[in-house]
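I opened this entry to keep track of what I looked up in the structure, item by item. The notes follow the order in which I went through the model.

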Amino acid sequence: MPQSLTARPSGPLHGRARAPGDKSMSHRSLILGAMAEGVTEIEGLLEGHDILATARAAAAFGAKVERLGEGRWRIEGRGGFQTPADVIDCGNAGTGVRLLMGAAAGYPIQATFDGDASLRKRPMKRVTAPLGLMGARFDWGGSEDRLPVRVSGGALQGIDYAQTVASAQVKSAILLAGLNARGETFVREPEKSRDHTERMLTAFGAEVKVEPDGDGWIIRLAGGQRLTGTAVAVPGDPSSAAFPLAAALIVPGSDVTVEGVMLNPLRTGLFDTWREMGADLTISNRRTSGGEEVGDVTARHSALTGVIVPEGRAASMIDEYPILAATAAFAEGRTVMRGVGEMRVKESDRIRLMVDGLRACGAAVDEEPDGFTVAGGPVAGGAVVDTAHDHRIAMSHLVLGLAAEAPVSVRDPEMIATSFPGFVRMMRELGGEIAS
Ligand code: S3P
């Protein structure tokens, strides 16, 4: 991968593309496959770096992991994890490490988890605290709350845990640990977060109950349930589809269709927001695949208007605010994004990076502790933007550069391959000028 990539003002983008496999479901299919007894065959697996790290972890915990062909993987689980020979390196993947820690905590084993420089900066107590209450032990390698950490698992007790923020990673870690705990485990969420773990646990034969709980939700799972391997079809990732669709919305004359996009309503907050901004977004060929609703999403160049994004929508589009902000720079008026303090603890401080990047490209942006506001207008571009090795920051600015007045370059774009290895090729095939 080159040291930088540059996106140039481009003519209209046209054509059809296929969304890469969903990252959240890809992690889960490998982890549940490794925890289960018997064979799990996965189709459409995202072969990004984050997922390959989880596949290596599944093998290190004792599952037989084979790649059968493009996106086709076979996992033979042993019905439990064994103590791995080496440190589990989760690379850049917050979802990978947090879910794997939850899964590992349920077994009488020890495992040390580590990651790259970015993952080592991210908070881990949000999962180790509830897992600790269940009886797992954590020994921090350096500073508390940060990787590396050694987990000693087994003999867990179910808990009743109320989350303060709706985090699917935390919920999932607790549920995966709860599978092998004594008694029942309850996770209370203030708002629903993505429910792929609940759906996939059911597909692997476990019973999970989801019920309203005051203004939020409660997820209940009885301990001691066994998982059985199954077939998993991973649909396209709406978080990745967002990039070519965004380019079509902001480059005049464009018309792009991304096929096979997962339409789980807990993931499509960005599409709702774009529609409120006046985006010409249509969904065709709706069908069900892998237990999820899927469709082909078409975006055409649109005159966008700024909106106030409802804070309650944050969980359903938490990874999409960077690309929303890039499109908001081309809208008329202000787009207000609040209640998204969680963005600061993703692969980078995404509020900071978007504020700096958009300002460097000539957009007017106000930063707040838990959000930011983008005022739309002509976007000058002509900047080299820091990405802090964050894939979504890099892709968001490259998309912006396709519609700016002058080229936009991003530093350190190699991390794009964590979630979207075919991004540059796909954008070029659609007519976007991105090159090193
Ligand atoms: C994910 C949950 C989200 C999201 C991440 C993937 C998941 O994180 O940002 O990219 O697969 O569960 P939080 O649950 O911490 O919000």
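**Overall make-up.** I began with residues 9-426, over which the chain is 30% helix and 29% strand, with the end C-alpha atoms 17 Å apart. I noted that the model is predicted, and that the UniProt record, an unreviewed entry, places the feature "domain: Enolpyruvate transferase" at residues 9-426.

**Ligand surroundings.** Next I asked which residues surround the ligand. I listed Ser-24, Arg-28, Thr-95, Ser-167, Ala-168, Gln-169, Arg-194, Ile-318, Asp-319 and Lys-346. I then looked up distances from polar side-chain atoms to ligand oxygen atoms, and found 2.7 Å for Arg-28, 2.9 Å for Ser-167 and 2.7 Å for an N or O atom in the side chain of Lys-346. The ligand taken alone exposes 380 Å², and I recorded that the protein buries 95% of that.

**Asp-319.** I returned to Asp-319, one of the residues that surround the ligand, and saw that UniProt lists Asp-319 for "active site", again in an unreviewed entry. I located Asp-319 in the loop between strand 20 (308-309) and helix 9 (321-328). Is Asp-319 buried or exposed? I put Asp-319 down as buried, because its relative accessibility is 11% and the cut-off for buried is under 20%.

**Aromatic pairs.** I turned to the rings and counted 6 aromatic pairs. One of these is the pair of Phe-61 and Phe-113, which is tilted, at 6.1 Å centre to centre and with 40° between the planes. I noted that this pair links distant parts of the chain, 52 residues apart, with Phe-61 in the loop between helix 2 (49-60) and strand 4 (64-69), and Phe-113 in strand 7 (residues 110-114). Both Phe-61 and Phe-113 are buried. I compared this with Phe-420 and Phe-423, whose ring centres are 5.5 Å apart and whose planes stand at 70°, so that pair is edge-to-face; over 60 degrees is the cut-off that decides this. Both Phe-420 and Phe-423 are buried as well. I also followed the ring pairs that link Phe-61, Phe-81, Tyr-107 and Phe-113 into a cluster.

**A charge over a ring.** I checked Lys-192 and found that it lies over the face of Trp-217, at 3.9 Å from the ring centre.

**Helix 4.** Which residues of helix 4 (residues 125-134) are buried? I wrote down Val-127, Thr-128, Pro-130, Leu-131 and Met-134. For the spacing I kept one general point in mind: an α-helix has 3.6 residues a turn, so residues three or four places apart point the same way. I then looked at what follows helix 4, which is Gly-135, with a positive phi near 120°.

**His-391.** I found His-391 in helix 11 (residues 391-403), and I recorded it as buried, because its relative accessible area is 0%. What does the side chain of His-391 contact? I noted a polar contact with the side chain of Ser-419, at 2.7 Å.

**Arg-300.** My last item was Arg-300, found in strand 19 (residues 292-300). I marked Arg-300 as partly exposed, because its relative accessible area is 30%, which falls between the cut-offs of 20% and 50%. I also noted that the C-alpha atoms of Arg-300 and Asp-386, 86 residues apart along the chain, are separated by 29 Å.

Notes
Residues are numbered from 1 along each chain as its sequence is written. This is a predicted model: local features need pLDDT of at least 70, side-chain atom pairs count only at pLDDT 80 or more; totals for chains, interfaces and linings use all residues. Side-chain values use heavy atoms; hydrogens and water are left out. Rings of Phe, Tyr and Trp (its six-membered ring) pair if their centres lie within 6.5 Å; planes under 30 degrees apart count as stacked, over 60 as edge-to-face and the rest as tilted. Helices (H or I, at least four residues) and strands (E, at least two) are DSSP runs, numbered from the N terminus. Buried means under 20% relative accessible area, exposed over 50%, partly exposed in between (1.4 Å probe, protein chains only). A charge sits over a ring if NZ of Lys or CZ of Arg is within 6 Å of the ring centre and within 35 degrees of the ring normal. UniProt positions are given in the numbering used here, feature names are shortened, and annotations may be inferred rather than shown by experiment. A residue is near a molecule or strand if one of its heavy atoms lies within 4 Å of it. A polar contact is a pair of N or O atoms within 3.5 Å; within protein, one must be able to donate a hydrogen and the other to accept it, and residues adjacent in sequence count only if both atoms are side-chain atoms. Accessible areas come from the Shrake-Rupley method with a 1.4 Å probe; for residues, only the protein chains shown count as cover.
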